[in-house]
Amino acid sequence: MRTGIAVLTLVLAAHAAAAQTAASAIDSTPRSAWARAAVHYGKWAAAAGAVAFTALAIEQHRHSNDAWNNLLAICNSNSQLCAVGPDGRYRNYQSEYDYQLAVYYDHRARWRLIAGQASLLAAVGLFVYDLKGQSPTPHNQPVHPVKLALSPTTDGAALSLRLSF
């Protein structure tokens, strides 16, 4: 029994060491081009999704408010039209319809707000992940705006200044 536990412990230790070595090798390699592009463009798609879902939630909330205001107008015009039956429903068909419509659009707005917040959270995560693999200095500087060169000539030296625009 003890030898079995010792062998199992050694196997698990070897597996953990191999996993640690593999993890350090994976972390030291740069991300592939497709993963970098997916993260780069995915963060903007997630941000656009957050804006779109929030805009849709605003629209659904407006519809809910319209239905609720219609119900309030009915109830303010004649309080008998807002009488509630024993089952908890309005006795008047139009009052019940406006109430159900307000609840329906309110639920739709709620789910769109949740989707917008999830999209915003995903966008923030992708923005942070995209910054993770970058170095603090730029990789490519195609323009060197000022170049000062001193070259020897037969008469002495020539000083040249080059400005790139």
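Predicted model: local features only at pLDDT ≥ 70, side-chain atom pairs only at ≥ 80, totals over all residues.
Because R62 and E59 are three residues apart in helix α2, about one helical turn separates the two positions. A second salt bridge brings the side chain of R62 together with that of D66, with an N to O distance of 3.3 Å. R62 and D66 likewise both belong to helix α2, where they are four residues apart, about one turn of the helix. Through salt bridges that share partners, E59, R62 and D66 are joined into one network.

The accessibility of the three members can be stated individually. R62 has a relative accessibility of 40% and therefore counts as partly exposed. E59, at 31% relative accessibility, is also classed as partly exposed, and D66, at 35%, is partly exposed as well.

By the rule applied here, the structure holds five salt bridges, one of which pairs the side chains of K43 and D130 at 2.6 Å, N to O. This pair links distant parts of the chain, since K43 lies in helix α2 (residues 33–77) whereas D130 lies in helix α3 (residues 93–132), 87 residues apart. Is this pair buried or exposed? Both K43 and D130 are buried. As a general point, side chains of opposite charge can pair when their charged atoms come close.

## The surroundings of Q60

Q60 is another residue of helix α2. With a relative accessibility of 8%, Q60 counts as buried, because the limit for that class is under 20%. Which residues does Q60 contact, once its neighbours within four places in sequence are left aside? They are Y105, R108, A109 and R112. With R108 there is also a polar contact, made between the side chain of Q60 and the side chain of R108 at a distance of 3.0 Å.

## The disulfide

A search of the whole structure finds one disulfide, and the cysteines that it joins are C75 and C82, with an S to S distance of 1.5 Å. The link of C75 and C82 is left-handed, with -95 degrees about the S-S bond. In general terms, a disulfide is a covalent bond between the sulfur atoms of two cysteines.

## A149 in strand β1

A149 is found in strand β1, which covers residues 146–152. Its relative accessible area is 30%, so A149 is classed as partly exposed. When neighbours within four places in sequence are left aside, the residues in contact with A149 are A158, L159 and S160. For L159, which is ten residues from A149 along the chain, the separation between the C-alpha atoms of the two residues is 5.9 Å.

Methods: Residues numbered from 1 in each chain as written. Heavy atoms only, no water. Disulfide = S-S within 2.5 Å. Buried < 20%, exposed > 50% of the residue type's maximum accessible area, 1.4 Å probe, protein only. Contact = heavy atoms within 4.5 Å. Salt bridge = Lys/Arg side-chain N within 4 Å of Asp/Glu carboxyl O. Polar contact = N/O pair within 3.5 Å; in protein donor to acceptor, adjacent residues only side chain to side chain.
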